[in-house]
Amino acid sequence: MRIGVDLGGTKIEAVVLNREGTVLLRERVPTPTGDYEGTVAALAGLVGDLEREVGAACTVGVGTPGSISPFTGLMRNSNSVALNGMPLDRDLEAALDRPVRLANDADCFALSEAVSGAGREARTVFGVIIGTGVGGGLVIDRAVQVGPNRITGEWGHNPFPGEFDSRKCYCGRLDCIELYLSGPAVAAEYRRETGIELTTEQLMRRVATDRPAQAALERYVARLARALAGVINILDPDVVVLGGGLSNVDRLYEAVPRLWDQWVFSDGVATRLARNHHGDSGGVLGAAWLWPARSG
């Protein structure tokens, strides 16, 4: 059996899957915010509790914000800043006394959709997170792709194609895609234009009756189409699966494929744009599938 763990900023969620991928147990505990040693202990304790309940030792895969640097062996780029600069994989293996597979949470999302979600019939799946941040992961033949820099799929920190407003990203670069396609970015644009403070969800609910909200959505659709066209030109995936809060906007699935044709270097586009099947569970399920079937 497999245990998958989603290590989030406020909660640690874990599931146990059987050989067929059915969820047998699911538990969550609060993340000890700002406490690295406490986080490692909480994760190890959660795994131990689940194994006692199922009466068996399991493989363990963990999805995290950020990734392990191949140059230092330490965590980097995590918005859970207590993880940065720490040997998370080695400390988890020591705490659990076994090998642990660790991957970025966007990679885990993409893997879950490739194995048993919207991309289960596809060979090449690009999973996209459009929510508080913007990220992605690439899965080919049900295997997460990991390059020499371990940044495969990090399209959110490419410069946005076609617009340069000198917006500064938290990563230190200018005009990252995340600054145009994240939920907070859309809400901030609306606030600048109207003076009204709304959450992204509130903004999208006003689209039917609010002209500035309609304009914000139309800009978003065009920007997403342009940015994903770049992904298609480079990776040529069978399917792009959307996750994150903005993936719930129905209009994206009709409008984006209609627009991205003009930027894709082909006489037609066979790539599908799909809504995720697993919702918020994608990360924890994908973490479990970091171990192949023969290890279950």
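For the helix pairs below, axes are lines fitted to C-alpha atoms, over the stretch in contact in the case of helices, and angles run from 0 to 180 degrees between N-to-C directions. Helices (H or I, at least four residues) and strands (E, at least two) are DSSP runs, numbered from the N terminus. The model is a predicted one, in which local features need pLDDT of at least 70 and side-chain atom pairs count only at pLDDT 80 or more, while totals for chains, interfaces and linings use all residues. Residues are numbered from 1 along each chain as its sequence is written, and side-chain values use heavy atoms, with hydrogens and water left out.

**α7 and α8**

Select α7 (211–235) together with helix α8 (residues 251–260), and you will find them packed at an angle of about 55 degrees, with their axes 8 Å apart. α7 and α8 are therefore oblique to each other, given that angles under 35 degrees count as roughly parallel, over 145 as roughly antiparallel, 65 to 115 as roughly perpendicular and the rest as oblique. The crossing of α7 over α8 is right-handed; a crossing is right-handed if the near helix is turned clockwise from the far one by less than a right angle, and left-handed if anticlockwise. Among the residues of α7 that make the contact (heavy atoms within 4.5 Å) are L217, Y220, L224 and L228, and those of α8 include L252, V256 and W260. By class, this contact has 14 nonpolar, no polar and 2 charged residues, where Ala, Val, Leu, Ile, Met, Phe, Trp, Tyr, Cys and Pro count as nonpolar, Asp, Glu, Lys and Arg as charged, and the others, Gly among them, as polar.

Next, select D210, in the loop between α6 (200–205) and α7. Is D210 buried or exposed? At 9% relative accessibility, D210 is buried, a term that means under 20% relative accessible area, with exposed over 50% and partly exposed in between (1.4 Å probe, protein chains only). Its side chain makes a polar contact of 2.6 Å with the side chain of Y190; such a contact is a pair of N or O atoms within 3.5 Å, and within protein one must be able to donate a hydrogen and the other to accept it, residues adjacent in sequence counting only if both atoms are side-chain atoms.

**α1 and α2**

Move to helix α1 (residues 36–54) and helix α2 (residues 88–96), whose axes come within 10 Å and cross at roughly 45 degrees. Y36, V40, L43, A44 and V47 of α1 meet L88, D91, L92, A95 and L96 of α2. From A44, look across to D97, which is 53 residues away in sequence and 9.9 Å away in space, C-alpha to C-alpha. D97, in the loop between α2 and β7 (101–104), is exposed at 69% relative accessible area.

**N276**

Finish at N276, in the loop between β12 (272–275) and α9 (282–288), which is buried at 13% relative accessible area. A polar atom of its side chain lies 2.8 Å from the backbone oxygen of L242, and a polar contact of 3.3 Å joins the side chains of N276 and S247.
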